[in-house]
Amino acid sequence: MQSLNKQKQMTKSGKRAIPKPIEYLKKTYRKKGKKLTTFLRGLMIRKVRGLDSLSKELHKQAFERIDCLKCANCCTKMSPTYSKTDIKRISKHLGMTYDEYFDKYCYKDESGDIMNKKTPCQFLLKNNKCGIYEVRPSDCKNFPHTQYNDFKLYITSTHKQNIEYCPITLDIVERMHEIVIEKGKKSLSAKDARED
Ligand code: SF4
Ligand code: SF4
């Protein structure tokens, strides 16, 4: 019998947990980043039946495997894209005007998107929690955007970039690659995500 600390930590779905997400991200992206980027590009033109149900299942499993509180890489290395509604809500919560908030924390990038001036984010706490969790930008709430119905639609704008920054996105794409390319599946079901 193995000692407890030698046993692999398993999730409810039976998949191995990833206890050190940043280590996993760096190592895996270095090893497979190019291959997975090419795979994502190919997926844009490839017909794969059942891709969206598979991506939703992989998304669910990735959140079981990876604890965001052990990562916080999005809050550390990336900026949320704010909507005006986000700024209205957050500034009100902080007792500031829209303009005060904008001037203190934001700038408009070359495409007109409203971004944080600072990284890491000014609201990231030492324990990796968000200091404005209840009113955080909807971009943060929905990050990494792998839960949507049309996985392909977000490849260029989102997933292709995020495999370098987000362990959850990387895990989803790595496992999707295994199923579609290594196992050669052309027609997918959520069941494929549960097989090893
Ligand atoms: S607002 Fe909160 S969730 Fe969003 S980047 Fe900042 S710390 Fe992270
Ligand atoms: S969403 Fe991705 S980058 Fe952000 S904390 Fe979770 S695993 Fe890390």
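How many nonpolar, polar and charged residues does the shell around ligand 1 have? By class, that shell has 9 nonpolar, no polar and 1 charged residues; Ala, Val, Leu, Ile, Met, Phe, Trp, Tyr, Cys and Pro count as nonpolar, Asp, Glu, Lys and Arg as charged, and the others, Gly among them, as polar.

## Basis of the model

The model is predicted: local features need pLDDT of at least 70, side-chain atom pairs count only at pLDDT 80 or more, and totals for chains, interfaces and linings use all residues. Residues are numbered from 1 along each chain as its sequence is written, while chains are lettered from A and ligands numbered from 1 in the order in which they are written.

## Overall fold

The protein chain has 9 helices and 3 strands, where helices (H or I, at least four residues) and strands (E, at least two) are DSSP runs numbered from the N terminus. Along the sequence the pattern is α-α-α-β-α-α-β-β-α-α-α-α. A box of roughly 55 × 45 × 25 Å along the principal axes holds the C-alpha atoms of the chain.

Of the 196 residues, 25% are buried. A residue is buried if 20 or more other C-beta atoms lie within 10 Å of its own, exposed if 12 or fewer, and partly exposed in between, with C-beta atoms placed from the backbone. Two residues are in contact if their C-beta atoms, placed from the backbone, lie within 7 Å. Among contacts between residues at least 6 apart in sequence, 72% join residues at least 24 apart.

## Ligand surroundings

The residues around ligand 1 are Cys-75, Pro-80, Cys-121, Phe-123, Leu-124, Cys-130, Ile-132, Arg-136, Pro-137 and Cys-140. A residue belongs to such a shell if its C-beta atom, placed from the backbone, lies within 6 Å of the molecule.

Ligand 2 is surrounded by 13 residues, and the closest are Cys-68, Cys-71, Asn-73, Cys-74 and Cys-166. Helix 3 (73-77) and helix 8 (167-182) each supply at least two residues of this shell. Its residues divide into 12 nonpolar, 1 polar and no charged.

## Helix packing

Two packed helices are described by the angle between their axes and the distance between the axes. Axes are lines fitted to C-alpha atoms, for helices over the stretch in contact, and angles run from 0 to 180 degrees between N-to-C directions. Angles under 35 degrees count as roughly parallel, over 145 as roughly antiparallel, 65 to 115 as roughly perpendicular and the rest as oblique.

The axes of helix 4 (residues 84-93) and helix 5 (residues 98-105) come within 9 Å and cross at roughly 100°, so the two helices are roughly perpendicular to each other. From helix 4, Ile-87, Lys-88, Ile-90 and Ser-91 meet Tyr-98, Glu-100, Tyr-101 and Phe-102 of helix 5. The residues of this contact comprise 5 nonpolar, 1 polar and 2 charged.

For helix 1 (residues 21-45) and helix 7 (residues 155-162), the axes come within 10 Å and cross at roughly 160°, which makes the pair roughly antiparallel. Thr-37, Leu-40, Leu-43 and Met-44 of helix 1 make the contact with Ile-155, His-159 and Lys-160 of helix 7. These divide into 4 nonpolar, 2 polar and 1 charged.

## Two individual residues

His-93 is found in helix 4 and is partly exposed because 13 other C-beta atoms lie within 10 Å. Leaving aside neighbours within four places in sequence, His-93 is in contact with Ile-132 and Val-135.

Gly-131 lies in the loop between strand 3 (114-116) and helix 6 (138-142). Gly-131 counts as exposed, with 11 C-beta neighbours inside 10 Å. Beyond neighbours within four places in sequence, Gly-131 is in contact with Phe-123 and Leu-125.
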